[in-house]
Each structure stands twice: as C-alpha cells, then as structure tokens.
Amino acid sequence: MRLVTILMPSLNEEDSISQTIREIPVNKLRRQGWDCELLVVDGGSRDKTVQIAEEQGARVMRSKRGYGRQYLAGFGKARGEIIVTADSDNSYPMNEIPRLVKMLDEKRLDFISTNRFSGIEDGSMRYLNWIGNKALTLAVNFLFDLRLNDSQSGMWVFRKKLLEKLNLKSSGMPLSQEIKIEAFLKS
C-alpha cells in the first residue's frame, strides 16, 4: 500500500485534537489504496495534547514552538509520498482528505491548497479576520500572479518530493503563504 502522512502541528489542543483525529477517514483512504501515518508535531503543549494524540494512534514528535517551525520539522520526518496538513483544532474538513488525495493523484498534481471560505458558515469567522484574509489573499495573488481563494488556509495536500524544489524558511504563520507561493511558482 502507498502511504499518506497527515501532518498536524499542535499547541495546547487537548479540547479538540481527539475529535480532529477521529474525523480522519482512515478506512476510506485504505479502500482507496492508502495507508495512513498520522504525525503530530507538538510545539510545547502544557496540557494533555501529546498524551491524547498518542492514545489516538498518532506518532508525536516535539519541536520548538512556531507554526512554520513545527511544519518544517514534520516535513523532514514525514514518511508518506503524499502529505496532508491540517490544524489540530478541528477547523478543517478532515472528511475531505480522501477526495483531495484522489484528486492530487489522479490529476497528477503536485500541490492543492484548500479554501476555507467555500463552505464557511455565518459567524464562524470574525468580520475583521475575514476582511484581513481577503486582503492578504488579494495582495498575494497580485504580487505573485496567483489565483488563490484563501492564501491563509492551513490545509494543503502535496507530493513530498515537491519539498526538494521549495526554499521554505518561515518559522511562523507566514509559512502558510510561503509554501503556496513557492509551490505554485516552482511546480
């Protein structure tokens, strides 16, 4: 069987990480021919996040704190030929993973970035955050001639071999934009 790594950064997510992991459709992925590796990269949680993730079957590695730093550490340890990223706070539709992996594989794509705004419910994002996200996406699209719908999305599906072409450096939240810019310009 082929292997997909589901990579999630975490920091004090004891209230949501169990639900997030349970929503990963592992059996559906297996029926599609994919074995799953769940890799949680913890940035120094002081609650039960690590214990809960391990109890749910995740391989947990520790990293220095920082969204980008945690992803970069995880990319180096991911075993799957495809990597799927998502936050540990149950904010992304984990049930979409099989469809996205299948799309990447069948269409021979290198990178997919999801769009949080396509199914957003009223009131689920503060208005100022929504405006800020839209402004950042507009700026990224203009500056780099891209056509992203959500430059801040933290759910990506990509081939691990793509990482060899990327020059990722951000240790913080800007990694979310950096990986998209790099991926779409270099793939």
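In this predicted model, six strands form an open sheet of mixed pairing, in the order 3-2-1-4-6-5. From one strand to the next, the twist averages 20°. Within the sheet, strand 4 (residues 82–85) and strand 6 (residues 156–159) are antiparallel partners joined over three bridges.

| Helix | Residues | Reported feature |
|---|---|---|
| Helix 4 | 67–77 | buried: Tyr-67, Gly-68, Gln-70, Tyr-71, Gly-74, Phe-75 |
| Helix 5 | 97–106 | angle to strand 6: about 35° |
| Helix 7 | 175–186 | end C-alpha atoms: 16 Å apart |

Helix 5 lies across strand 1 (2–10), strand 2 (34–42), strand 4, strand 5 and strand 6.

The buried residues of helix 4 include Tyr-67, Tyr-71 and Phe-75. Viewed down the helix axis, the buried residues of helix 4 fall within an arc of 160°, and therefore line one face of the helix. Their cover includes strand 1, strand 2, strand 3, strand 4 and strand 6, together with helix 7 (175–186).

Helix 7 is itself mostly covered, with nine of its 12 residues buried. These buried residues are Leu-175, Ser-176, Gln-177, Glu-178, Ile-179, Lys-180, Ile-181, Glu-182 and Ala-183. At 1.5 Å a residue, the 12 residues of helix 7 should span 16 Å, which agrees with the 16 Å between its end C-alpha atoms.

Definitions and conventions: Residues numbered from 1 in each chain as written. Predicted model: local features only at pLDDT ≥ 70, side-chain atom pairs only at ≥ 80, totals over all residues. Heavy atoms only, no water. Pairing = 2+ DSSP bridges. Helix = DSSP H or I, 4+ residues; strand = E, 2+ residues; numbered from the N terminus. Axes fitted to C-alpha atoms, helices over the stretch in contact; angles between N-to-C directions. Contact = heavy atoms within 4.5 Å. Buried < 20%, exposed > 50% of the residue type's maximum accessible area, 1.4 Å probe, protein only. Arc of directions from axis to C-beta. Expected span 1.5 Å × (residues − 1).
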